[in-house]
Amino acid sequence: MKKFVIALFSVTVATLSCNAQLLWKITGNNLDKPSYLFGTHHVAPITVLDSVPGFNDALNSVDKVYGELIMSEANTPQTQQIMMQAGMAPQDSTLTAVLSAAQADSLDTMLKKYMGPMAGIAQFNALKPAMVSTVISMVQAQMAFPTFNMQEQLDSEIQNRGAALGKEIGGLETIEEQCQALFGSSIIDQADDLMNMVRNDNRSLEMAHKLAKAYLAGDLNAMLALIEEPEMGMGTGADRLINNRNANWVRFMAGLLPTASVLIAVGAGHLPGDKGLISLLRKSGYTVTPVE
């Protein structure tokens, strides 16, 4: 579950102003106009936008819309090729090379469970363990959101709506930077995380459902608790997958926010916590408040 809670998502309880909030207003620090921070879920249906008070007003009011990536570029064949190359294992570190026979057999069973009887470790052998974890997690997340439509992805939808309104679209990081965060840890650590997911299959699926429920409720406290869950949370991967990226993004925002009003839409897991975007923006002198 680690790579998904991450890969995909990501103010301590004491600093949250309310218990159910995905849209936040950024003011102060001599900004001429408010900007906004919105937490997405990469597999949630786009209809969630209809239930967020003030979202359409925020989108209409800003000059620019930024996401983790520029989604129109992220979905091109060239970018997908970059991601696939980043997810390929070195020739001496394929799955069957780094896993024991028993581990490989357990993984094969899990892959067939989620991908069908024609899938298995042979089809995934050349991939890094983190890529395999990501694939499994995406399937589990889609089971938690059975109405998810791949053609209507939430981050893409927000940027598409912004572009239709004539807003400038931007990204907080490059695909290379995101791939490094997702797949850049050691193969051994990746294999350990993957096998933790295999050993705790039912628990990781349960976590996906709990995360989906927390997101639909806009409950950042519950999302933070899942991220920090001792056995199935992110553990030491939080720095690479969330905290370090948050710090980089806030530095980027320091140059962006004074120049224009911006709606910034990123995985909701990046919002809460002492090292979350809400807290980091506040520490940078901004006033960050929930949009009621």
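**Helix against helix, then the packing**

Modeller: Let's start where Met-110, Lys-113 and Tyr-114 of α6 meet Asp-201, Asn-202 and Leu-205 of α12, contact being heavy atoms within 4.5 Å. Bear in mind that this is a predicted model, where local features need pLDDT of at least 70 and side-chain atom pairs count only at pLDDT 80 or more, while totals for chains, interfaces and linings use all residues. Residues are numbered from 1 along each chain as its sequence is written, and side-chain values use heavy atoms, with hydrogens and water left out.

The axes of α6 (residues 101–115) and α12 (residues 201–216) come within 12 Å and cross at roughly 40°. Those axes are lines fitted to C-alpha atoms, for helices over the stretch in contact, with angles from 0 to 180 degrees between N-to-C directions. The two helices are therefore oblique to each other; under 35 degrees would be roughly parallel, over 145 roughly antiparallel, 65 to 115 roughly perpendicular, and the rest is oblique. Helices here are DSSP runs (H or I, at least four residues), strands likewise (E, at least two), numbered from the N terminus.

Now the packing. The largest nonpolar core has 55 residues, and Leu-37, Phe-38 and Leu-263 have the most contacts inside it. Such a core is a set of buried Ala, Val, Leu, Ile, Met, Phe, Trp, Tyr and Cys residues joined through side-chain atoms within 4.5 Å. Buried is under 20% relative accessible area, exposed over 50%, partly exposed in between (1.4 Å probe, protein chains only). Apart from that core lies another, of 29 residues, including Ala-104 and Leu-194.

Rings of Phe, Tyr and Trp (its six-membered ring) pair if their centres lie within 6.5 Å; planes under 30 degrees apart are stacked, over 60 edge-to-face, the rest tilted. Phe-38 and Phe-55 have ring centres 5.1 Å apart and planes at 55°, so they make a tilted pair. Phe-38 sits in strand β2 (residues 35–40) and Phe-55 in helix α2 (residues 55–61), 17 residues apart. Both Phe-38 and Phe-55 are buried.

Tyr-66 and Phe-252 are tilted too, with ring centres 6.0 Å apart and planes at 45°. This pair ties together parts 186 residues apart in sequence, because Tyr-66 is in strand β3 (residues 64–67) and Phe-252 in helix α14 (residues 237–256). Tyr-66 counts as buried at 9% relative accessibility, whereas Phe-252 is partly exposed at 36%.
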